[in-house]
Amino acid sequence: MSRPAIPEDIKRRVRQHCGYGCIICGKMPTEYEHVTPYAKCQAHDFENIVLLCPWHHTEVTAGRLYKREVETWRANPYLRQQQNSGFYEPLLSPMFKVVFGNCGVAIPVDRKFNLFNINGYVPFSFLLGSKPKFNLDIFGRDGKLALSIIENVIEFRAHFFWDITLTGTKFKVVGPNRKVFLDISITDGIVNFKTFRSVISNVPVIINKNGIHLPNTKNSTSQMGFAIESEELDNLFVTGEPGWVRSQKSLMSFDWLPSPSYAEAWNALFNV
Ligand SMILES: [Zn+2]
């Protein structure tokens, strides 16, 4: 009889327990390891499965790293120890296009590009071409960085998230209230931002299949604006919902938005 797959809910509990990275070193990507071999126990018990990076998995499989060591790490996974960050630096193939929700954006290659800034703060930027580079920030309830991508290097605070999965070319990050905070896939040189959710400069920013949303919040006290941050936009084309795209050539123009407190902005992330 063939071995059944590990049930999805068991895998998620294992990820949550292990902090989404290798229990020994914190790195992604990870593989599932049965501490007591499946052949022996014939079961997929949550308590018997851990996340290991390919390197540590190899060491365990080869017998150079003992199972009892793995059990010790499972009791106190690297990313569950305070102040530890998950870490991953993918090797990226050439990329030439970025899609945000319903907006196809053909952006200049080999030039650093910021789609927009919010009060001078850039939530994500790209350098597309043969050596693509990504930068992106997601902030947590406390206003501190929960996940950052700096020149492709992903770091995250495990305790903030409900789930993080790296499956093939898909990277998905789920935050509190089980809301998706980041959902990216890369196929044939096209980066597809299905979802992005973060508070940037006290402004809630949400990208989903309907486009880019900047939800209004109550008790707002001031105004904020947005601007495209590239001086060379001849190659920029933006398509999207009428009303927020002013020019097919170069400019995205957003309405002025209220500036809530961080807490209000944070709560607005969960209404969409
Ligand atoms: Zn490891």
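Which residues does G26 touch, not counting residues up to four places away in sequence? I began my notebook with that.

**Ground rules.** I am reading a predicted model, where local features need pLDDT of at least 70, side-chain atom pairs count only at pLDDT 80 or more, and totals for chains, interfaces and linings use all residues. I count residues from 1 along each chain as its sequence is written.

**Entry 1: G26.** I found that G26 touches G21, Y78, L79, N84, S85, G86 and F87, leaving out residues up to four places away in sequence. Contact here means that the C-beta atoms of two residues, placed from the backbone, lie within 7 Å. I located G26 in the loop between helix 1 (8–18) and strand 1 (31–34). Helices (H or I, at least four residues) and strands (E, at least two) are DSSP runs, numbered from the N terminus. I then checked F87: its C-alpha atom is 6.5 Å from that of G26, though the two are 61 residues apart along the chain.

Is G26 buried or exposed? I noted that G26 is buried, because 26 other C-beta atoms lie within 10 Å. The cut-offs are 20 or more such atoms within 10 Å for buried, 12 or fewer for exposed, and partly exposed in between.

**Entry 2: the core.** I looked up the largest nonpolar core, which has 52 residues, and saw that I23 and V50 touch the most other members. Strand 15 gives the most to this core, with five residues. Domain 1 (8–80) and domain 2 (92–268) both contribute residues, so the core lies between them. Such a core is a set of buried Ala, Val, Leu, Ile, Met, Phe, Trp, Tyr and Cys residues joined through C-beta atoms within 7 Å. The domain bounds come from an automatic or database domain assignment.

Entry 3: I followed strand 13 (residues 170–174) into strand 14 (residues 180–187); they run antiparallel, joined by five bridges. Strands pair if DSSP finds at least two bridges between them. K170 stands opposite S185. Five residues separate these strands in a hairpin, and N177 in the turn has a positive phi of about 60 degrees.

Strand 14 also forms a hairpin with strand 15, with two residues between them. Six bridges join this antiparallel pair, and I184 has F193 as its bridge partner.

**Entry 4: confidence.** I saw a mean pLDDT of 80 for the protein chain; pLDDT is the predictor's confidence in each residue, from 0 to 100. It stays under 50 over residues 218–256. Where pLDDT is low, the predicted coordinates should not be read in detail.
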